[in-house]
Amino acid sequence: MFRSDIQGFVQVGEHQVPAQVIYAAWAVGADQGLKVGMGMGAGLTLLALGMLVLVRRLWFRFRRAG
């Protein structure tokens with residue numbers, strides 16, 4: 001994900017920071033954000049499937065009892 005061909009400097013407050021440093025920090029943040037997003041998506045999917053199974057079981061239980 002990191003590109004080494006980034007050139008130049010970025011003004012950060014009073015400091016000149018190499019653009020490679022800014023890009024590397026962004027790339028790491030984007031990678032971490034992607035991992036968190038995938039983890040949350042997987043967790044919410046499992047939660048939804050669990051709720052579906054629970055509703056289905058309750059539906060059949062009440063249908064059989066009534």
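Two strands are taken to pair if DSSP finds at least two bridges between them; helices (H or I, at least four residues) and strands (E, at least two) are DSSP runs, numbered from the N terminus. The structure is a predicted model, in which local features need pLDDT of at least 70 and side-chain atom pairs count only at pLDDT 80 or more, while totals for chains, interfaces and linings use all residues. Residues are numbered from 1 along each chain as its sequence is written, and side-chain values use heavy atoms, with hydrogens and water left out.

Along the sequence, the chain follows the pattern β-β-α. Strand β1 (residues 9–12) runs antiparallel to strand β2 (residues 15–18), and four bridges join them. Val12 has His15 in β2 as its bridge partner. The strands form a hairpin with two residues between them, and Gly13 in the turn has a positive phi of about 65 degrees.

Helix α1 covers residues 19–65. Tyr23 and Trp26 are separated by about one helical turn because they lie three residues apart in this helix. Leu47 is also found in helix α1. With a relative accessibility of 52%, Leu47 counts as exposed, a class that requires over 50% relative accessible area, whereas buried means under 20% and partly exposed lies in between (1.4 Å probe, protein chains only).

Of the 66 residues of the chain, 8% count as buried. The radius of gyration, taken over C-alpha atoms, is compared with a globule rule of 2.2 Å times the number of residues to the power 0.38. The chain has 24 Å, whereas a compact globule of 66 residues would have a value near 11 Å. Its C-alpha trace spans about 75 × 25 × 10 Å along the principal axes.
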